[in-house]
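Thanks for coming. I will go through one model today, starting with the charged side chains and ending with the helix packing. Please have a look at the sequence and the structure first.

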Amino acid sequence: MKKDLYDKTINFDYSKLPNELQEMIKKLEEYDKTGDWFNYDILFDELEITGKTYLRNRQITEQEYEKILNKYGWLYD
């Protein structure tokens with residue numbers, strides 16, 4: 001049985017995020033479909049850093065950033 005690479009129970013409309021973040025999320029979801037956990041982990045690290053940059057530049061909210069981390073990184077801290 002294939003384990004999901006991200007938390008599909010968290011609903012999040014990322015269509016209003018900057019295009020760069022949207023593209024990264026789409027790619028993460030593709031990696032999940034193919035079970036490519038290695039590239040998923042690498043890209044998630046990049047998403048986390050890029051997301052923090054958008055947060056610091058006030059292009060996304062802290063709530064959006066936390067939702068991204070919770071959904072795609074399984075981070076609950």
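Let me begin with Lys27, which counts as partly exposed because its relative accessibility is 34%; buried here means under 20% relative accessible area, exposed means over 50%, and partly exposed is in between, with a 1.4 Å probe and protein chains only. Before going on, a note on the source: this is a predicted model, where local features need pLDDT of at least 70 and side-chain atom pairs count only at pLDDT 80 or more, while totals for chains, interfaces and linings use all residues. Residues are numbered from 1 along each chain as its sequence is written, and side-chain values use heavy atoms, with hydrogens and water left out.

Back to Lys27. Its partner in a salt bridge is Glu30, with 3.6 Å between the closest N and O atoms. By salt bridge I mean a side-chain nitrogen of Lys or Arg within 4 Å of a carboxyl oxygen of Asp or Glu. Both Lys27 and Glu30 lie in helix α1, three residues apart, which is about one turn of the helix. Helices are DSSP runs of H or I with at least four residues, numbered from the N terminus. Glu30, at 43% relative accessibility, is partly exposed as well.

How many salt bridges does the rule give? The count comes to four. Two of them involve Lys8. One joins the side chains of Lys8 and Asp4 at 3.2 Å, N to O. The other joins Asp32 and Lys8 at 2.8 Å, again N to O. Asp32 lies in helix α1 and Lys8 in the segment before α1, so this pair ties together parts that are 24 residues apart in sequence.

Asp32 is buried, with a relative accessible area of 1%.

Next, some other residues in α1. Leu28 is found in this helix, and at 0% relative accessibility Leu28 counts as buried. What does Leu28 touch, leaving aside neighbours within four places in sequence? The list is Tyr40, Leu43, Phe44, Leu47 and Tyr72, where contact means heavy atoms within 4.5 Å. As for Ile10, 18 residues from Leu28 along the chain, the two C-alpha atoms are separated by 15 Å.

Gln22 also has its place in helix α1, which covers residues 19–34. Gln22 is buried at 13% relative accessibility. Not counting residues up to four places away in sequence, Gln22 touches Tyr14, Ser15, Lys16 and Leu17.

Now helix α2. Thr50 is found there and counts as buried, with 13% relative accessibility. Beyond four places in sequence, Thr50 touches Glu20, Leu21 and Met24.

Ile42 lies in α2 as well, a helix that runs over residues 37–56. Ile42 is partly exposed, with a relative accessible area of 44%. Together with Trp37 and Phe38, Ile42 makes a nonpolar surface patch of about 360 Å². Patches are made of residues with over 30% relative accessible area and no salt bridge; like charges are joined within 9 Å, and nonpolar side chains (Val, Leu, Ile, Met, Phe, Trp, Tyr) within 5 Å. The areas come from the Shrake-Rupley method with a 1.4 Å probe, and for residues only the protein chains shown count as cover.

How do α2 and α3 pack? Helix α3 is residues 62–73, and the angle between α2 and α3 is about 175°, with the axes 10 Å apart. That makes the pair roughly antiparallel, a term for angles over 145 degrees. The axes are lines fitted to C-alpha atoms, for helices over the stretch in contact, and the angles run from 0 to 180 degrees between N-to-C directions. On the α2 side, the contact includes Tyr40, Phe44, Leu47 and Leu55. On the α3 side, Tyr65, Ile68, Leu69 and Tyr72 are among the residues involved.

Last item: the loop between α2 and α3, where Arg58 is found. Arg58 has a positive phi of about 60° although it is not a glycine. At 77% relative accessibility, Arg58 counts as exposed.

How values were computed:
Helix = DSSP H or I, 4+ residues; strand = E, 2+ residues; numbered from the N terminus. Parallel < 35°, antiparallel > 145°, perpendicular 65-115°, else oblique.
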